[in-house]
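I opened a notebook for this structure. Below I keep what I looked up, entry by entry.

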Amino acid sequence: MSDITTVLVDILKYTIVAATPLLFASIGGLFSELSGMLNIALEGLMGIGAFFGMAAAGLSHNVFIGVLAAIASAVAASLLMGVVILRFKANLFIAGLAINLLAGGITTVLSQWWYHTKAVVAFSLPDPLNAFPAALAQIPFIGPVLLSHSVLTVSAWLWTLGAALIINNTRHGIRIRATGMHAQAVLALGYSPDRARMAALVWSGIGSGLGGFALGLSISAFVPNIVSGRGWIALVAIYLGRKKPLWIAASCLLFAFAESLSNYIQGFSSIPPLIVLALPYAVTLVSLIVAGNKK
Amino acid sequence: MEAERELRGPARVVLAVGVSIALAAGVLALFSQDFGSALAQFFLEPFSNRYFLGNYLADAVPLMIAGLGVLIAFRSKNFNLGGEGQLYASALAAGVLALRLPAGIDPLTLWCWTALVGTLTGAAIGALSGLLKAFRGVSEMISSFLISAIVINISDFLITGPFQDPASNFQTTRQITRQFLLPRILAPSKLDISIGLALALILVFMVVAKRTRIGFELKICGENEEFARYCGIPVAAYQIAAMAVSGGLYGLAGALLVIGPQGRVIRGFSSGLGWSAISVALLAQGSEAGVVPAALFIAFLGTGSDHVMIGSGVPSEIISILQAVAMFFITARSLPRLRRRRP
Amino acid sequence: MLPMPAVRMRGISKRYLPSGIHANDGAELVVERGSIHAVVGENGAGKTTLMKILAGLELPDSGDIEIDGKPVRISSPAHARRLGIGMVHQHFLMFDELSAAENIFFGLEPKSRSHILRMLGIIDSASLNEQTKVLAQAYGFAVEPSAPVGSLSISSRQQVEILRQLAAKVRILILDEPTSVLTKQETETLFGKLAELRRMGRTILLVTHKIDEVMQIADRVTVMRGGKTIGTYDTASISANELACLIMGATSYEEGGPHTKTSTTGALVLSVQDLCSRHRHHGGTGLSGLAFDIHEGEVLGICALSSNGLDELEDVLAGFLTPSAGTFVFRGHRFDARGSHEYRRLLKEGKIAYLPSDRVRRAVALSLPVVDNFIALDRRIYFPRGWIRSTLAQRATQEAIRAFDISARAEQATVELSGGNIQKLALARLFSKKRAELFILCEPTWGLDIRSTEQVYNRIQNISDAGSAVLLLSSDVDEILRLSYRIMVLYRGKPVADLINSGYLNRTLIGEYLLGIRST
């Protein structure tokens with residue numbers, strides 16, 4: 001294989017890897033968006049999922065336990081947010097902001113308490129389970145790019161398909177969407193918009209928790225600010241994807257490609273790495289402006 | 001139907017302040033070996049001597065200025081979540097200017113220029129989000145955050161690259177010479193005369209809000225947009241202006257830190273100030289005068305946390321948790337009664 | 001022995017806060033099973049509130065309800081549904097991006113037949129669409145199950161709403177102003193369906209103010225006025241004119257105020273030509289082909305019942321809605337539909353003064369003090385060179401409070417004021433300013449007591465005497481008759497009458513135009 005092909009394979013393969021956390025989180029955020037709540041807490045929920053997921057996985061030396069802990073912790077935080085918003089009638093955005101602050105605080109404080117550091121906490125975990133037989137990775141190009149990924153990465157795509165099914169083909173999904181379209185009508189038909197919104201927040205929690213955990217797992221470590229804006233990028237993916245799961249997945253791939261590219265350029269070019277780090281945000285911002293919905 | 005108790009502004013503030021203090025005490029009880037002395041460190045040490053008190057007040061100054069900006073944006077129903085980047089980039093712009101101005105310049109001229117450049121930098125970044133909202137319908141929350149993220153990366157690069165102090169082991173710009181830093185009060189603490197400027201600004205904004213047509217029209221825009229249109233007020237212009245003012249005050253806060261307590265721009269300069277300013281604005285409950293006690297409270301939580309960290313081994317990030325809890329209570333509009341509603 | 005009535009409501013009272021207006025004041029209603037029962041009355045007569053109480057959307061302050069002879073307390077829409085009561089609202093409660101089938105069977109969607117998919121809660125879309133087809137066919141409706149309802153015509157959307165109620169096995173079907181958005185032909189189709197439903201034993205409650213429709217379709221009719229029930233009549237034993245008199249109140253209206261001015265001699269102020277617009281809430285037609293001239297010193301009253309174009313006319317004239325066609329000529333300056341921002345400048349400069357009908361949403365900022373709301377429109381006066389003249393503002397506000405007898409203090413939060421007092425505040429603000437050349441007054445006395453109403457009438461008379469042109473948009477016929485020199489009536493967005501208010505006009509005659517049973 002030529003050099004260019006190798007580079008391309010690397011970039012594309014890492015695009016799929018980098019898309020995993022985004023996909024989990026933005027599809028989770030889609031539920032709350034559809035129910036009529038712009039969930040700016042994805043960032044914080046991802047951080048919570050990353051920390052508790054990695055901590056549990058490290059403790060039990062079992063990735064599956066980590067997954068459960070990531071989901072449980074992020075869902076707990078989104079339930080807290082739901083109660084504050086729906087029962088205490090708090091402002092959606094301030095509550096979301098508070099969750100983001102809380103996440104940053106709790107993970108750092110606990111990291112200091114448990115691991116006595118506020119920097120990198122590395123975990124030695126079993127090798128990630130490959131979803132495909134090793135032989136498939138030998139297929140040129142397609143093999144390494146598409147067929148050499150972990151179970152978690154493949155799950156992100158199953159999660160996307162599953163979410164599409166739930167959203168379009170179940171009573172639950174229809175009720176969440178209906179709440180976002182016309183909450184008053186849902187109430188008039190005898191159903192509770194608040195319950196639908198709470199459920200949507202739980203979905204957000206599950207997705208963000210998994211997304212955060214995927215981030216941690218990809219570096220086998222937890223660092224404060226591990227999420228570094230990915231929750232917001234996931235939020236923009238929802239808009240760019242026009243709230244359709246498959247288009248959201250495409251948007252996530254776009255942003256992940258930007259991240260992959262920026263990683264690559266950092267290693268090999270004369271452009272200063274810190275500038276390159278801004279690339280995913282810039283791509284996200286530009287896409288947000290292009291997708292804007294006025295005039 | 002009316003089984004819910006409406007929470008009024010003052011009640012929310014009291015709850016928020018009370019609960020966050022109680023929580024702070026709780027955390028101390030959990031983490032510290034010696035609860036009594038940790039408690040004393042947290043609550044009393046900031047006031048125990050001239051040095052600590054001065055540093056505590058110095059911490060409150062940027063919170064007052066930036067919090068005032070967030071408050072103005074809130075008043076027109078705009079959320080500026082880009083404070084971190086606005087403050088950082090403006091500080092860098094101001095710092096670089098201060099280092100580049102000829103050494104023979106009069107300090108007052110230097111202060112004015114740096115403050116102006118810092119303010120304008122922040123205002124431009126903030127206004128961008130306002131423009132995107134007005135003309136592209138882009139949520140100002142998301143755009144201000146993303147712009148801030150980009151700006152932070154670029155600033156990081158500039159500090160560690162072109163403007164790196166070659167003599168320093170830290171990732172920082174060169175130090176501004178002492179004569180160009182704002183005069184200190186309560187020496188040897190970090191407190192300088194910028195506290196006067198902060199208080200004066202709050203006074204000015206109070207007057208603008210209460211006495212001028214601009215303040216009046218901004219208030220109408222935030223309270224009822226349809227009514228504002230009925231009154232013939234240009235709503236979009238006020239949205240953009242509010243975001244610009246908010247960004248500008250973040251910028252000013254950054255510039256004053258550079259020519260004041262910090263004296264240089266270290267990487268990671270803003271360190272949460274952008275978010276704390278939002279807490280300040282929320283606690284101030286829409287009143288300019290309220291910004292002063294709110295900033296003093298949030299700075300107190302921060303200073304207290306720092307002291308405890310040094311003393312008891314609790315990380316200073318505890319302040320984020322305390323702020324988050326305060327936010328929850330400040331935004332709760334009703335407390336449901338414990339007994340269930342009639343079906 | 002009389003059969004058990006399907007619905008019996010007794011002594012129903014409901015007061016809305018903060019305005020304190022009695023929407024229902026001891027209202028009564030008895031509806032026979034298997035009949036089409038019309039509920040009629042003017043705007044604000046309390047029809048819709050009474051129906052909302054029956055549908056569980058509002059709780060009455062007092063009163064008893066019996067359904068099929070059993071006393072009930074209808075606490076929620078879900079409860080009403082369980083009792084077999086469903087309501088089709090005037091503004092449809094639709095999920096635009098969901099399909100017709102999903103809207104109709106919302107919450108009742110059939111689960112998949114496959115065990116695994118069923119456990120996952122997957123809906124059987126094929127069977128959902130099939131059920132929809134069967135349901136539609138059973139009642140003779142034509143609905144495409146998989147079409148998103150946002151893409152359907154108004155009448156199809158209405159059919160979806162009705163089918164939704166039928167899918168929930170509703171026995172008592174309430175329709176609130178169902179024909180206000182339909183064409184003549186669509187109305188005929190709807191009535192065919194309603195007759196069919198009656199034949200199948202459903203009870204139908206029809207809220208309307210169109211008398212011809214009542215006479216055509218209903219078996220019995222209950223007349224409401226001022227929140228009270230006036231009476232219930234067999235449509236077979238009452239004439240359309242008798243019914244119109246009952247709805248409008250007094251059998252004959254004695255000539256009111258001194259509308260003796262006949263001064264079209266004044267110069268032309270505003271001329272509106274061929275004005276068309278879309279509907280305020282949906283894409284349909286709001287106004288079509290409206291034209292009028294208004295002169296100095298003239299009061300032109302434009303009258304319509306709700307959803308007949310008055311809202312759209314207000315929004316267009318106030319610069320909130322860009323018309324789809326039409327021209328304005330103000331004092332010789334011509335503005336076409338596209339250049340409406342130039343027209344808006346007239347409002348901004350105070351040449352045109354406008355009183356909104358929706359006082360809570362458009363006329364005030366509720367959380368601000370009275371004085372702030374009072375000075376908000378005249379910022380040039382109260383903020384000369386940008387600084388407030390607070391003594392002037394205070395004094396002017398207090399003067400207005402005195403002159404208009406507003407029970408409020410200048411520094412009081414406006415939200416604490418009653419609806420009537422907010423209206424007086426808005427009026428005081430308008431009349432205190434330098435006299436405008438044209439006043440557009442929308443429902444100026446809605447919610448005011450008799451004394452305040454009289455004061456307002458005198459003020460309107462005064463500004464007209466002083467040479468301003470007054471355009472009065474009102475659904476209150478008495479008011480229109482009392483104040484106007486000329487009267488126009490809109491029906492379905494079109495002008496159906498343009499009359500000089502001379503002695504022969506009375507509320508019955510205007511009522512016939514309003515209700516669409518007469519046109520010129």
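**Entry 1: where B meets C.** I began with the contact between two chains. I found 14 residues of chain B in contact with 18 residues of chain C. Contact here means C-beta atoms, placed from the backbone, within 7 Å. Helix H8 (213-223) and helix H9 (225-230) of chain B each supply at least two residues of the side that touches chain C. H8(B) gives the most to this side, with five residues. I took helices (H or I, at least four residues) and strands (E, at least two) as DSSP runs, numbered from the N terminus. By class, the side of chain B that touches chain C has seven nonpolar, three polar and four charged residues. In this sorting Ala, Val, Leu, Ile, Met, Phe, Trp, Tyr, Cys and Pro are nonpolar, Asp, Glu, Lys and Arg are charged, and the others, Gly among them, are polar.

**Entry 2: ground rules.** I note that this is a predicted model, where local features need pLDDT of at least 70, side-chain atom pairs count only at pLDDT 80 or more, and totals for chains, interfaces and linings use all residues. Residues are numbered from 1 along each chain as its sequence is written, while chains are lettered from A and ligands numbered from 1 in the order in which they are written.

**Entry 3: confidence.** The predictor gives the complex an ipTM of 0.87 and a pTM of 0.85. Chain C averages a pLDDT (the predictor's confidence in each residue, from 0 to 100) of 86, and 92% of its residues score at least 70. I marked residues 251-256 of chain C, where the pLDDT is below 50. Beyond near neighbours in sequence, that stretch has nine contacts in the model.

**Entry 4: chain B as a whole.** I listed 13 helices and two strands in chain B. Its C-alpha atoms fill a box of roughly 75 × 60 × 35 Å, taken along the principal axes. Of its 343 residues, 57% count as buried. Buried means that 20 or more other C-beta atoms lie within 10 Å of the residue's own; 12 or fewer is exposed, and in between is partly exposed, with C-beta atoms placed from the backbone. Among contacts in chain B between residues at least 6 apart in sequence, 79% join residues at least 24 apart.

**Entry 5: the core.** The largest nonpolar core has 373 residues. Such a core is a set of buried Ala, Val, Leu, Ile, Met, Phe, Trp, Tyr and Cys residues joined through C-beta atoms within 7 Å. B:Met64, C:Ile440 and C:Leu471 have the most contacts inside this core. I followed C:Ile440: among the residues it touches, not counting those up to four places away in sequence, are C:Leu317, C:Tyr354 and C:Leu471.

Entry 6: Which bond joins B:Ala187 and B:Pro188? I found a cis peptide bond there, with omega about 5 degrees. B:Pro188 lies in the loop between helix H6 (140-160) and helix H7 (194-211) of chain B. Next I checked phi at B:Gln285, which is near 55 degrees, a positive value in a residue other than glycine. B:Gln285 counts as partly exposed because it has 18 C-beta neighbours inside 10 Å. Phi of C:Arg385 is also positive, near 55 degrees. C:Arg385 has 7 C-beta neighbours inside 10 Å, so it counts as exposed.

Definitions and conventions:
Two residues are in contact if their C-beta atoms, placed from the backbone, lie within 7 Å.
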